[in-house]
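Hi everyone, thanks for coming. Let me put the structure up on the screen, and then we'll walk through it together.

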Amino acid sequence: MLEESHPIIKEFKEAGAILEGHFVLSSGLHSDTYIQCAKIFEDPSRAMKVCKLLANKIKKELNTPIDLILSPAIGGIIVGYEIGRQLRVKTMFCERVNGEFELRRGFKIKQGDKILLIEDVITTGKSSLEAVKCAEGMGGKVIAEASLIKRSSETKLPFPVISLVELNIENYSEKEIPSELKQLPITKPGSREYLL
C-alpha cells in the first residue's frame, strides 16, 4: 500500500511510526493504517532531519512571508515548534476546550497576522478547519498549511497544502468498513474522543 522506497516512508517505518490494524482516526473514520508521528519525535536527530526536509519545502513553495505558525494540539505541537525553530518564526498552538479549539497559555494572534498552519498528519482536514476558525476568530489569516504526511489526495482545503508525502490510505465510514477489517480489534490512537 505504501511506497516503501520513498525516503520519508523509510524513516517512518524505521521509527515504527506506521502501524497496521483496525484504527478509528481522530476524524471518526476507520482505517487499516495509522501514522503515529510521535514515534518520529522519540529520536531528536530523526525529528530534526524530517522537519528540515519540510522546512526546506515550505521555503521553496511558500512565496508569502508569515508572521506565525499555529498548530492544533496535540499532534502538531512538536512538529510546529521544530518548523518554527528552523524557519525562525514565532510558534503557538491551539487546544480543545469543550470540543472547540482555543488559544490559551497567553498566546495571542494579532489582527492581520499571516499564519502557517502546521500539522503532523492531515486526514480529512477537519482539525485544520477547526484551527482556522480559531485563528480567524482572533483576526488572523491562514495562508497555507504544512504537514509531514497528507493521508489522501482527496482532502481539499481552501489554501495551499505543503506535505512531505501524500499517500492514498483508504479511510472508511462506519457503514463502509470491509469485512476483513471488522474482524480485527479496534484501536483508537488519536487524541479526540469518539464513542465506539
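Let's begin with a question: over the ring of which residue does the charged end of R96 sit? It's F101, and the charged end is 4.2 Å from the centre of that ring. A charge sits over a ring if NZ of Lys or CZ of Arg is within 6 Å of the ring centre and within 35 degrees of the ring normal.

Before I go on, some housekeeping. What you see is a predicted model, where local features need pLDDT of at least 70 and side-chain atom pairs count only at pLDDT 80 or more, while totals for chains, interfaces and linings use all residues. Residues are numbered from 1 along each chain as its sequence is written, and side-chain values use heavy atoms, with hydrogens and water left out.

Okay, aromatic pairs. Rings of Phe, Tyr and Trp (its six-membered ring) pair if their centres lie within 6.5 Å; with planes under 30 degrees apart they're stacked, over 60 they're edge-to-face, and the rest are tilted. That rule gives two aromatic pairs here. One is F23 with Y34, a tilted pair with 5.6 Å centre to centre and 35° between the planes. F23 belongs to strand β1 (residues 18-24) and Y34 to strand β2 (residues 30-35), so this pair ties together parts that are eleven residues apart in sequence. By the way, helices (H or I, at least four residues) and strands (E, at least two) are DSSP runs, numbered from the N terminus. Both F23 and Y34 are buried; buried means under 20% relative accessible area, exposed over 50%, and partly exposed in between, with a 1.4 Å probe and protein chains only.

Next comes F93 with F107, an edge-to-face pair at 5.3 Å centre to centre and 75° between the planes. This pair links distant parts of the chain, 14 residues apart: F93 is in strand β4 (residues 90-97), and F107 is in the loop between β5 (100-103) and β6 (114-122). F93 counts as buried because its relative accessibility is 17%, whereas F107, at 21%, is partly exposed.

Now look at helix α3, residues 75-87.

Now the backbone. Most residues other than glycine have a negative phi, and most peptide bonds are trans. Just after α3, though, R88 has a positive phi of about 60°. N98 has one too, about 50°; this residue sits in the loop between β4 and β5, and it's exposed because its relative accessibility is 79%. R105 has a positive phi near 60°, lies in the loop between β5 and β6, and is exposed at 58%. And which residues does a cis peptide bond join? They are A73 and I74, with omega about 10°, and I74 is in the loop between β3 and α3.

That's my tour, so over to you!
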